[in-house]
Amino acid sequence: MTAVTVRRVGGEDWPTLKAVRLRALDADPAAFTSTLAREEAFTDAVWQERAGAGRSFVACRADAVVGLVSYYAEDGRPRERQLVSMWVAPEARRSGVARALVDAVLDAAAAEGAERLTLFVVDDNEAARRLYEQLGFVATGEVQELPSDALRTEARYALPLASAT
Ligand SMILES: CC(C)(COP(=O)(O)OP(=O)(O)OC[C@H]1O[C@@H](n2cnc3c(N)ncnc32)[C@H](O)[C@@H]1OP(=O)(O)O)[C@@H](O)C(=O)NCCC(=O)NCCS
């Protein structure tokens, strides 16, 4: 199988970020709190700003983009980073792409001095829950309703970073 590479998205890469994010929202709407309709309406300036923030990574196999992940610092939680937007194209699943994307975020968050990485998983997303548990993430007990669907909940998971003492 062709090797997968992970690279950080820069400002000039905004069309790549836009394309893979919209594909993710189209392919797996139940996994995300945002929607395709919402993000299709974003102007190019929004995508340029997202890409320029340098907080997304794409996974590439041959010339194709097959995965995406982003992270950011939540308001009021300066010592943490939250992993968001994780998605791997169906044709590239179960070959370690998500694991490689999480690794990239772990390195980036640690390099920024963060002490732990958190994320939310929708409760019925068995694949994602297993992925994160296998990587050592543990449920924090924090559960919240999905903004888009009050009948479904998502749970916060967390992993301490190696840089933390
Ligand atoms: C969840 C998702 C990101 C996993 O991506 P992936 O590249 O297939 O994951 P990996 O190959 O790196 O898998 C790593 C481990 O995660 C677990 N895992 C991944 N997919 C799984 C599945 N469908 N069922 C059970 N366990 C799974 C396994 O433990 C796997 O290790 P193994 O293959 O050695 O058994 C992918 O299925 C996806 O994009 N789903 C739709 C979007 C989504 O749910 N995003 C997450 C939002 S929180």
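Helices, as named in these legends, are DSSP runs (H or I) of at least four residues, numbered from the N terminus, and the model in which they are shown is a predicted one.

View 1. Arg-129 and Glu-133 both belong to helix α5 (residues 126-134), where they are four residues apart, about one turn of the helix. The two residues form a salt bridge whose closest N and O atoms are 3.4 Å apart. Arg-129 counts as partly exposed, with a relative accessibility of 22%, and Glu-133 is also partly exposed, with a relative accessible area of 39%.

View 2. In the model as a whole, the count comes to 20 salt bridges.

**View 3. A buried pair between two helices.** The side chains of Arg-21 and Glu-39 meet in a salt bridge, with an N to O distance of 2.9 Å. Because Arg-21 lies in helix α1 (residues 14-27) and Glu-39 in helix α2 (residues 36-40), the pair ties together parts that are 18 residues apart in sequence. Both Arg-21 and Glu-39 are buried.

**View 4. A salt bridge between two loops.** Arg-55 and Glu-112 meet through their side chains in a salt bridge of 2.9 Å, N to O. Arg-55 lies in the loop between α3 (44-52) and β2 (56-61), and Glu-112 in the loop between α4 (97-111) and β5 (116-122), so this pair ties together parts that are 57 residues apart in sequence. Arg-55 counts as partly exposed at 25% relative accessibility, as does Glu-112 at 32%.

Notes. Residues numbered from 1 in each chain as written. Predicted model: local features only at pLDDT ≥ 70, side-chain atom pairs only at ≥ 80, totals over all residues. Heavy atoms only, no water. Salt bridge = Lys/Arg side-chain N within 4 Å of Asp/Glu carboxyl O. Buried < 20%, exposed > 50% of the residue type's maximum accessible area, 1.4 Å probe, protein only.
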